[in-house]
Amino acid sequence: MVSGRTIEIAPSILSADFARLGEEIAAVERGGAGILHVDVMDGHFVPNITIGLPVVKSLAAATRLPIDAHLMISEPGRYAEQFVAAGAKMVSVHVEADPHLHRTLMAIKGAGAQAGIAINPATSLGEIEEAIGFADYILIMSVNPGFGGQRFINPALQKVRRLRQMLDERRLNAKIEIDGGIDLNNIAEVVAAGAEILVAGSAIFGAADPQEATRLMREATVEWV
Ligand code: DX5
Ligand code: ZN
């Protein structure tokens with residue numbers, strides 16, 4: 001079922017100008033963004049280091065958009081609740097990084113945020129078959145986590161379709177988020193496959209006008225809204 005779903009554009013600030021973050025976020029708010037995606041990397045789980053708790057705290061005070069903290073860190077269970085306390089309304093942890101996923105997801109929910117499971121391109125959906133019942137959303141990675149501006153890995157589309165089917169069959173209402181290489185060329189296809197939260201970094205903040213880029217992405221999904 002695709003009709004009646006709410007589709008949200010979630011700009012990823014990873015590709016924004018960090019010296020002008022407030023202005024960049026205001027622009028995507030005006031463009032119709034529904035969620036602000038914040039990529040937290042530790043240089044250990046992924047080969048890159050980005051930002052952490054103090055930045056999330058400042059952003060939460062500066063935007064009306066719900067902050068979606070995508071934790072690409074080892075031992076996410078040690079930090080997940082702290083991201084909720086810092087103001088994140090959604091927190092996702094990687095199945096590959098957490099042997100105690102149930103405990104971490106419950107801790108995120110208990111702290112008052114939506115709990116998400118993120119899954120890498122080469123990890124099978126079978127790895128999260130049990131856990132999807134405990135999650136508010138599932139983040140399908142369509143690039144290898146670590147960097148913005150990578151090419152969309154096409155088999156992710158089929159993964160979204162299969163996950164949509166798994167959720168529908170079990171009457172679970174977890175949302176499907178997709179992250180990596182999303183642009184105007186593939187956005188309609190990922191929505192048709194069943195994704196509802198569309199993360200885009202370089203396609204928005206790499207554009208000359210991030211407000212307009214956000215608006216165009218929203219417009220490309222309107223037939224589904
Ligand atoms: C990659 C991050 C993404 C990244 C997406 O590890 O999780 O959120 O910012 O960037 P684009 O849209 O440029 O692929
Ligand atoms: Zn991300």
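Me: Donors are N, O and S atoms within 2.8 Å of the metal (3.2 Å for Na, K and Ca), and sites may look incomplete because water is not among the atoms. Which residues are the protein donors of the zinc ion (ligand 2)?
Reply: Happy to start there, with two notes on the model. Residues are numbered from 1 along each chain as its sequence is written, while chains are lettered from A and ligands numbered from 1 in the order written. This is a predicted model in which local features need pLDDT of at least 70, side-chain atom pairs need pLDDT 80 or more and totals for chains, interfaces and linings use all residues, with side-chain values taken from heavy atoms, leaving out hydrogens and water. At 2.0 to 2.3 Å from the zinc ion (ligand 2) lie NE2 of His37, OD of Asp39, ND1 of His70 and OD of Asp179.

Me: What geometry does the site of the zinc ion (ligand 2) have?
Reply: There are 6 donor atoms, and the angles among them run from 71 to 170°. Six donors count as octahedral if opposite ones are over 155 degrees apart and all others between 65 and 115. The zinc site is therefore classed as octahedral.

Me: How many residues apart in sequence are the parts tied together by His70 and Asp179?
Reply: The donor residues follow the spacing H-x1-D-x30-H-x108-D. His70 belongs to strand S3 (residues 67-72) and Asp179 to strand S7 (residues 175-179); strands (E, at least two residues) and helices (H or I, at least four) are DSSP runs numbered from the N terminus. The pair thus joins parts of the chain whose separation in residues is 109.

Me: Are His70 and Asp179 buried or exposed?
Reply: Buried stands for under 20% relative accessible area, exposed for over 50%, and partly exposed for what lies in between (1.4 Å probe, protein chains only). By that scale, His70 and Asp179 are both buried.

Me: What is the distance from a polar side-chain atom of Ser12 to an oxygen atom of ligand 1?
Reply: Polar contacts here pair N or O atoms within 3.5 Å. For Ser12, the distance is 2.7 Å.

Me: What is the relative accessible area of Arg164?
Reply: Arg164 sits in helix H5 (residues 156-169). Leaving aside residues up to four places away in sequence, Arg164 has contacts (heavy atoms within 4.5 Å) with Arg5, Ala174, Ile176, Ala193, Gly194 and Glu196. Arg164 is buried, and its relative accessible area is 11%.

Me: What is the relative accessible area of Ala85?
Reply: Ala85 is part of helix H3 (residues 80-85). The C-alpha atom of Ala85 is 9.7 Å from that of Val56, 29 residues away along the chain. Ala85 is exposed, with a relative accessible area of 68%.

Me: What relative accessibility does Arg171 have?
Reply: Most residues other than glycine have a negative phi. Glu75, in the loop between S3 and H3, has a positive phi of about 50° and is partly exposed at 49%. Arg171, in the loop between H5 and S7, has a positive phi near 50°. Arg171 counts as exposed, at a relative accessibility of 76%.

Definitions and conventions
Tetrahedral: all angles 85-135°; square planar, octahedral: opposite > 155°, others 65-115°. Polar contact = N/O pair within 3.5 Å; in protein donor to acceptor, adjacent residues only side chain to side chain.
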